[in-house]
Amino acid sequence: MTAVERVADLAKVPVGGALQVTAAGEPVCLVRLDDATVKAVHDTCSHQQYSLAEGWVEDGAIECNLHGSSFDLDTGRPRSLPAVRPIPVYRCEVRDGGVYVDAATPLNDAPVPRH
Ligand code: FES
């Protein structure tokens, strides 16, 4: 099932930064890499369920603010410990000044991190 929804105005997502939004009832972390490129991943670290949108963006990854695990924004895989499990990655498009995400159909098979 495809359920693309507009989740934010592009102007609300800072270049080189992250923003938490909700899509398909799930917290989603938007990461804006440049003027026109935004990535979307589940906004829950797979280590201890911390919000990734509170973290830092670097080299195509988002780093968790709590213990420093870094997650690849294309694959959802952790690049560094202590997290060892991937996070869901979602299809994300920029058009008409908005950011659109399909959070109902993850691009990988990572389980949704739950508390
Ligand atoms: S909660 Fe993210 S690395 Fe520990």
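**Notebook: the open sheet and its nonpolar core**

I began with β3 and β4, which pair in the antiparallel sense over five bridges. I counted two strands as paired where DSSP finds at least two bridges between them. Strands here are DSSP runs of E with at least two residues, numbered from the N terminus. The model is predicted: local features need pLDDT of at least 70, side-chain atom pairs count only at pLDDT 80 or more, and totals for chains, interfaces and linings use all residues. Residues are numbered from 1 along each chain as its sequence is written.

**Entry on β3 and its partners.** I noted that a hairpin of five residues joins β3 to β4. Within this pair, Val28 has His42 of β4 as its bridge partner. I then turned to β2, which six bridges join to β3 (residues 26–32), again antiparallel. Val28 is also the bridge partner of Val21, and Cys29 is that of Gln20. The β2–β3 hairpin has two residues between the strands, and Ala24 in the turn shows a positive phi of about 50°.

**Entry on the whole sheet.** I traced six strands in an open sheet, in the order β1-β9-β8-β4-β3-β2, with antiparallel pairing. β1 (4–9) and β2 (18–23) each have a single partner strand and stand at the edges, so one side of each is left without a neighbour in the sheet. The twist averages 30° from one strand to the next; the axes are lines fitted to C-alpha atoms, with angles from 0 to 180 degrees between N-to-C directions.

**Entry on burial.** I called a residue buried if 20 or more other C-beta atoms, placed from the backbone, lie within 10 Å of its own. Five of the seven residues of β3 are buried, which leaves the strand mostly covered.

**Entry on the core.** I took a nonpolar core as a set of buried Ala, Val, Leu, Ile, Met, Phe, Trp, Tyr and Cys residues joined through C-beta atoms within 7 Å. The largest has 29 residues, and those with the most contacts inside it include Val28, Cys29, Leu30 and Val41. Among the strands that each supply at least two residues are β4 (38–42), β8 (89–95) and β9 (98–102). β3 gives the most, with four residues.

**Entry on Val41.** Which residues are in contact with Val41, leaving aside its neighbours within four places in sequence? I found Cys29, Leu52, Phe71, Leu73, Gly76, Ile87, Pro88, Val89 and Tyr90, where contact requires C-beta atoms within 7 Å.

Conventions:
A residue is buried if 20 or more other C-beta atoms lie within 10 Å of its own, exposed if 12 or fewer, and partly exposed in between; C-beta atoms are placed from the backbone. Two residues are in contact if their C-beta atoms, placed from the backbone, lie within 7 Å.
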